[in-house]
Amino acid sequence: MIETDVLVLGAGPAGEAGAMNASKQGHSVVVVDQQPQVGGNCTHKGTIPSKALREAVKQMIDFNTNPMFRAISEPCWLPYPHVMETANRVVSAQVRMRSKFYARNRVQVVHGEASFVDPHTVSVSGEHGAETYRAETILIATGSRPYQPPELDFNDPRIYDSDSILQMQSTPRHLIIYGAGVIGCEYASIFNGLGLKVDLINTRDRLLSFLDDEITDALSYYFRDSGVVIRHQEEMAALHSNAHDVVLELKSGKRIKADALLWCNGRTGNTERLNLSAAGLLADGRGQLRVDGQYRTEVPHIYAAGDVVGWPSLASASYDQGRNAANDFLGRPFNFVDDVPTGIYTIPEISSVGKTERELTLEQVPYEVGQAMFKDIARAQITNESVGMLKLLFHRETLEILGVHCFGDQASEIVHIGQAIMKQPGEANSLAFFANTTFNYPTMAEAYRVAAINGLNRVS
């Protein structure tokens, strides 16, 4: 049996952050991950490969839509596996970098499958047999995986989930995406950008209903204008697959034939093989663990962070959750991760932080809106990225920034300027900051000045 101060299960963002924090405070740390390389699902199956793929597709879209390149070539679309090679290069670079983190901080990484023996002991089965580890503190950060309904055969070469789609070796002409959440919308953008015909099946009445209505309306319009067929309030009745195509039958009676189907409807926590009962723990129906305000499970020395605890299931938040879970058991200043900015890597991007118009209306907050349309921003005109807008919601009387919503190129970068001001105490959080601050010109950041002046004109 090997003794260690801290045992971390999972080498994704939450596990890595917790492990590095504990190690830097002088504790011995062992990280267990079932994949042969560090990085977790974020690096190998989720955030990194999908966003790298998106960027490669966006470059292809830029080439196909920019008139300057017509002197070189007519528009063209590359095969999906060829474009995927770019993403794989980024994955390799991330693995090399993160491997150095573990080595430099003297964190031992064990590759194998973990299973609790008792609340302090975990057995790890790997290529060279089983080994047992005992720790005073354990952090569960095993992440999540796509939910696979039992009635679908994911071994079928025409049926994919958001993990297996990264290994697809063909380029279908027509793809059905079932599920219009964040992942479904991102892949709808990617495959539409690759020139595929895309049917996006949404089980709800609008896309991404947790976002500001005006932003989701803009995304819906852009999708339809780009050729994506969105089908709201639909549910699967049956799916048939043969050697030539798949046919999705919907409860409404519709039948949609395509070359392949991508299932993007829900995720499940990776806990089913941990033998949680031996540790005195029980996961919910989605495989997730319940934690308190310090990321502690029902067993006080066992913590959990990242996708395995559910909301917000973002790599950015997972990293902060893992680091703060370690802060708690290390006795260091702790911060519960909330008010997390949303970053959705559709084409164009969406990002937001704070309240939506719908929420402020229900709360009866006297707010006003300041807008900057990207088509009027010089930098957007220069880069040929004029689709989108920045929207600031602010209190009519105090001018406090209540919400920042952005749709367009670099939205996930632009939002952080507004987030920084929203985090300032008292009167420092004010729309007036943007109106009275000189921004470099031309920049996308200038949209804040334009939106602020637009908003002030509404209340003056």
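Biologist: Which helix gives the most to the lining of the second largest pocket?
Modeller: This is a predicted model. Helix H3 (47-65), helix H5 (182-193) and helix H6 (213-226) each supply at least two residues of that lining. The top contributor, with 5 residues, is H3.

Biologist: Are H5 and H6 roughly parallel or roughly antiparallel to each other?
Modeller: Two packed helices are described by the angle between their axes and the distance between the axes. For H5 and H6 the axes lie 11 Å apart, at an angle of about 30°. Angles under 35 degrees count as roughly parallel. H5 and H6 are therefore roughly parallel.

Biologist: Is the crossing of H5 and H6 left-handed or right-handed?
Modeller: The two helices pack at an angle of about 30°. The crossing of H5 and H6 is left-handed.

Biologist: Which residues in H6 do the H5 residues meet?
Modeller: By class, the contact of H5 with H6 has 4 nonpolar, 3 polar and no charged residues. On the H5 side are Cys 185, Ala 188, Ser 189 and Asn 192. In H6 they meet Leu 219, Phe 223 and Ser 226.

Terms used: Residues are numbered from 1 along each chain as its sequence is written. This is a predicted model: local features need pLDDT of at least 70, side-chain atom pairs count only at pLDDT 80 or more; totals for chains, interfaces and linings use all residues. Side-chain values use heavy atoms; hydrogens and water are left out. Helices (H or I, at least four residues) and strands (E, at least two) are DSSP runs, numbered from the N terminus. Axes are lines fitted to C-alpha atoms, for helices over the stretch in contact, and angles run from 0 to 180 degrees between N-to-C directions. Angles under 35 degrees count as roughly parallel, over 145 as roughly antiparallel, 65 to 115 as roughly perpendicular and the rest as oblique. A crossing is left-handed if the near helix is turned anticlockwise from the far one by less than a right angle, and right-handed if clockwise. Contact means heavy atoms within 4.5 Å. Ala, Val, Leu, Ile, Met, Phe, Trp, Tyr, Cys and Pro count as nonpolar, Asp, Glu, Lys and Arg as charged, and the others, Gly among them, as polar.
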